[in-house]
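Visitor: I am new here. Please show me the structure, and then let me ask a few things.

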Amino acid sequence: MIGHIPLPNPIPSLLSNLRKILVVEDNLINQKVVCRILERLYGRCLFPVDNGEDAISQIFSEHQSISLIFMDSDMPYLNGLETTRLIRQYERENYLPKVPIVGMIFHATLGFRDSCLEAGMDDTLHKPLGRQNLVQMVEKHVLNKQESSSSPTGKQTA
């Protein structure tokens, strides 16, 4: 147990399929917090990058090895919304499956969340981020999808 929240107990075979997690965050403290939580919970190799341009480079070179992206929405130069649009364009043009992107947002307005989803993000988390929120996103967008895609009937359950 870490703190007051019990560690998740995902099926070991699902964890073995969890590949790398890309954390795109320009605030070094937020980046370290997210990476430390995810490393302790899942022991997975993380790619922390601090801007959209480096995120694009990682996606272009390592797309198949990335399971999930946590994307800060508000970064200088190339923000999270534009970075997400470019990633989705790259995936479409190269017939690649979509890597789930979870926006990490400070703006608590419904309109901004909608803008994130319209840009191609799959979900959003409000800052400050907590351990339980990160666990829920990994389970929702990676572990549960792997479980449903490997169901005995071959049919996706959700």
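Visitor: Is Tyr90 buried or exposed?
Guide: This is a predicted model. Buried means under 20% relative accessible area. Tyr90 has a relative accessibility of 17%, so Tyr90 counts as buried.

Visitor: How do the rings of Phe60 and Tyr90 lie, stacked or edge-to-face?
Guide: Their centres are 4.1 Å apart. Planes under 30 degrees apart count as stacked. The planes of Phe60 and Tyr90 stand at 25°, so the pair is stacked.

Visitor: Which helices does this pair link?
Guide: The two residues are 30 residues apart, in distant parts of the chain. Phe60 belongs to residues 52-62, and Tyr90 belongs to residues 80-93. The helices are H3 for Phe60 and H4 for Tyr90.

Visitor: Which strands stand at the edges of the sheet?
Guide: The open sheet has 5 strands, paired in parallel, in the order S2-S1-S3-S4-S5. An edge strand here has a single partner, so one of its sides is left without a neighbour in the sheet. The edge strands are S2 (46-49) and S5 (123-126).

Visitor: What is the bridge partner of Lys20 in S3?
Guide: Strand S1 covers residues 20-24, and S3 covers residues 66-72. The two run parallel, joined by 5 bridges. In S3, Lys20 has as its bridge partner Ile66.

Visitor: At about what angle does H4 run to S3?
Guide: Helix H2 (residues 28-42) lies across S1, S2, S3 and S4, at about 175° to S2. H4 lies across S3 and S4. The angle of H4 to S3 is about 150°.

Notes: Residues are numbered from 1 along each chain as its sequence is written. This is a predicted model: local features need pLDDT of at least 70, side-chain atom pairs count only at pLDDT 80 or more; totals for chains, interfaces and linings use all residues. Side-chain values use heavy atoms; hydrogens and water are left out. Rings of Phe, Tyr and Trp (its six-membered ring) pair if their centres lie within 6.5 Å; planes under 30 degrees apart count as stacked, over 60 as edge-to-face and the rest as tilted. Helices (H or I, at least four residues) and strands (E, at least two) are DSSP runs, numbered from the N terminus. Buried means under 20% relative accessible area, exposed over 50%, partly exposed in between (1.4 Å probe, protein chains only). Two strands pair if DSSP finds at least two bridges between them. Contact means heavy atoms within 4.5 Å. Axes are lines fitted to C-alpha atoms, for helices over the stretch in contact, and angles run from 0 to 180 degrees between N-to-C directions.
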